[in-house]
Amino acid sequence: PYSNINNVHYGHSILDEGDTIYIYGSWNAKDTTSMHVSKAKLNNKNDTMEEFEFYNGNTWVINPLQSAPLEGIKQAVPEQFSVFKQEDIYVLILQARELGNGNIYSYISDTPWGPWRNEKLLYQTTEQENINDQIFTYNAMAHPQYTTDGKLLVSYCINSFDVPKIHEVNTDYYRPKFIWVPLEMILE
């Protein structure tokens, strides 16, 4: 119910911590982006969230207009990212918002609201190097439920600014791609 208040678009990532649900959002202006977080409790029937609060940089408040950017995230925050818990550490996976760079990063934190630290460049996509077909990559997302042999499954999306190329040249221009990232690379 609070999405787009204070120009924060909530719902890009959700973290279930049992009795508390953390709802992450992206805020952007012309040349600036940031990540915000709210939290809520599930009611007794576990079908409705209530008691919403917003992190203001120091504490939790009930006024969504007082939400503040989470500290430590240096990259431009995209419209899709992942926050999950790996053992006792919170992990953020994002692909920098600029469609041309293709850099996928990780951060870690001791709490769901940061401060975030240990920025790591995990992978750089190469599909965007196809400038003839105007390919770009975006929206990296972690799939921790498929972690195998100490490796995290991460996906990212591919598209073209020249939409007919998707149908007429190569349908692979509109498919997700998957990579395996060693968790030690993120957590070390």
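Student: Which residue in β4 is the bridge partner of Lys41?

Tutor: Glu50 is the partner of Lys41. Keep in mind that we are looking at a predicted model.

Student: What makes β3 and β4 a pair?

Tutor: Two strands count as paired if there are at least two bridges between them. Four bridges link β3 to β4 (residues 49–55), so the pair qualifies, and its sense is antiparallel.

Student: How do you know that β2 and β3 pair as well?

Tutor: Here nine bridges can be set against the required two, so β2 and β3 are paired, again antiparallel. Trp27 has Ser34 in β3 as its bridge partner, and a hairpin of four residues connects the two strands.

Student: What joins β1 to β2?

Tutor: Seven bridges join β1 to β2 (residues 20–28), in the antiparallel sense. In that pairing, His9 faces Ser26 of β2.

Student: In what order do the strands of this open sheet lie?

Tutor: The order is β1-β2-β3-β4-β5, with antiparallel pairing.

Student: Why are β1 and β5 called edge strands?

Tutor: β1 (8–16) and β5 (60–61) each pair on one side only, which is why they are the edges.

Student: Why is β3 called mostly covered?

Tutor: A residue is buried when its relative accessible area is under 20%. In β3 (residues 33–42), eight of the 10 residues are buried, so the strand is described as mostly covered.

Student: Is Lys120 buried or exposed, and how do you know?

Tutor: The relative accessible area of Lys120 is 18%; the cut-off is under 20%, so Lys120 is buried. This lysine sits in strand β9 (residues 117–124). Setting aside neighbours within four places in sequence, Lys120 is in contact with Ile104, Tyr105, Ser106, Met185 and Glu188.

Student: What is the form of the peptide bond from Gly114 to Pro115?

Tutor: That bond is cis, with omega near 10°. Most peptide bonds are trans. Pro115 is located in the loop between β8 (103–109) and β9.

Student: How do you know that the radius of gyration agrees with a compact globule?

Tutor: For 188 residues, a compact globule would have a value near 16 Å; the chain has 17 Å, so the two agree. Along its principal axes, the C-alpha trace spans about 50 × 40 × 35 Å.

Student: How many helices and strands does the chain contain?

Tutor: The chain contains two helices and 12 strands. Of its 188 residues, 46% count as buried.

Student: How many side chains are positive and how many are negative?

Tutor: There are 13 positive and 24 negative side chains, and the centres of these two sets lie 1 Å apart.

Definitions and conventions
Residues numbered from 1 in each chain as written. Predicted model: local features only at pLDDT ≥ 70, side-chain atom pairs only at ≥ 80, totals over all residues. Heavy atoms only, no water. Rg over C-alpha atoms; globule rule 2.2 N^0.38 Å. Buried < 20%, exposed > 50% of the residue type's maximum accessible area, 1.4 Å probe, protein only. Lys, Arg positive; Asp, Glu negative; His and termini not counted. Charge placed at Lys NZ, Arg CZ, Asp CG, Glu CD. Contact = heavy atoms within 4.5 Å.
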